[in-house]
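Work through the exercises below with the structure in view. Try each task before reading its solution.

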Amino acid sequence: MSNEAAAVAQAGSVEPADLAARNLERALMASGHERPEGDACPICFDLIEIPMHDHAKRNICCMKRVCNGCILAAHRRGMNGLCEFCRTPLSNDDASTLALVQKRVSKGDADAITHLGYKYFHGEYGLAENLPRAIELWTEAAELGSLDAHYILGLMYYDGEVVDEDKPRGIRHWQQAALKGNAQSRHNLGAVENINGNHQLAVQHFMISAKMGYEDSLNDIKKLFKDGLATKAQYAEALLGYRDAVEEMRSPQREEAKRLGF
């Protein structure tokens, strides 16, 4: 093959990959600006503050994540011992809890599969710690569309502390979650771009997640602004967007729940 033909062949093999990368970048900037429906409390329908595990509880009977404000309201109505959403009696031992989770796992519930993965990862519910099983479950859940599973797999592969490090694979998981509105994955994409010196692209990612109420993204834009890598206008826009998002997630019930330590 002549040098010219080889060059053409090489260009033909590279260009589709470059085009796919550019298309993905455009899609990431155009999509995923709104958090998914699953981030809202199923009772009051308001988005739950981030990090959601601090402001809500997931009940394994129905795998619904109920905000602390609605938990407080249910408690005051005398619903102790019942799921605030589906009214199922809450289990109080590992064996019955695990049985409920596995029942939903058997039905292909992506949230339940993700949840079970965490239990294998930490060795809870009486399960022996099993990291390969956790990765297997998270991979299955991600294929079923779980954004939480994509996010945790991104961490696992990018950091390489549990599985062999594969940063591109980790980034792909975050990209899939960010496209659907996962704020943490979006933030991590911004962090990667920032590490790589692509500061303006990092700001764009951080801006999106800050406007979804993700405080770490706001703080990173603030740092970039102080370092002269983001403009005052960008920081002001992020701050306003963050405040608006947080305000929309507040309610008298949620504020009272915070005060009472729920």
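**Exercise 1. Find the length and span of helix 10.**

Solution. Helix 10 covers residues 199-210, which is 12 residues. From first C-alpha to last, helix 10 reaches 16 Å, close to the 16 Å expected at 1.5 Å a residue. Helices here are DSSP runs (H or I, at least four residues), numbered from the N terminus. The expected span is 1.5 Å times one less than the number of residues.

The model is predicted: local features need pLDDT of at least 70, side-chain atom pairs count only at pLDDT 80 or more, and totals for chains, interfaces and linings use all residues. Residues are numbered from 1 along each chain as its sequence is written, and side-chain values use heavy atoms, without hydrogens and water.

**Exercise 2. Describe the lining of the largest cavity.**

Solution. A cavity is a set of points on a 1 Å grid over the protein atoms alone where a 1.4 Å probe fits but cannot get out; lining residues have an atom within 4 Å of a point. The largest cavity has a volume of about 70 Å³. Its lining includes Ile48, Cys67, Arg254 and Lys258. Helix 3 (68-76) and helix 13 (252-260) each supply at least two lining residues. Helix 13 gives the most, with three.

Note on methods:
1 Å grid on protein atoms, 1.4 Å probe; cavity = no way out; pocket = protein on both sides within 12 Å on 5 of 7 lines; lining within 4 Å. Points joined across faces, edges and corners; volume = space filled by probe spheres on them.
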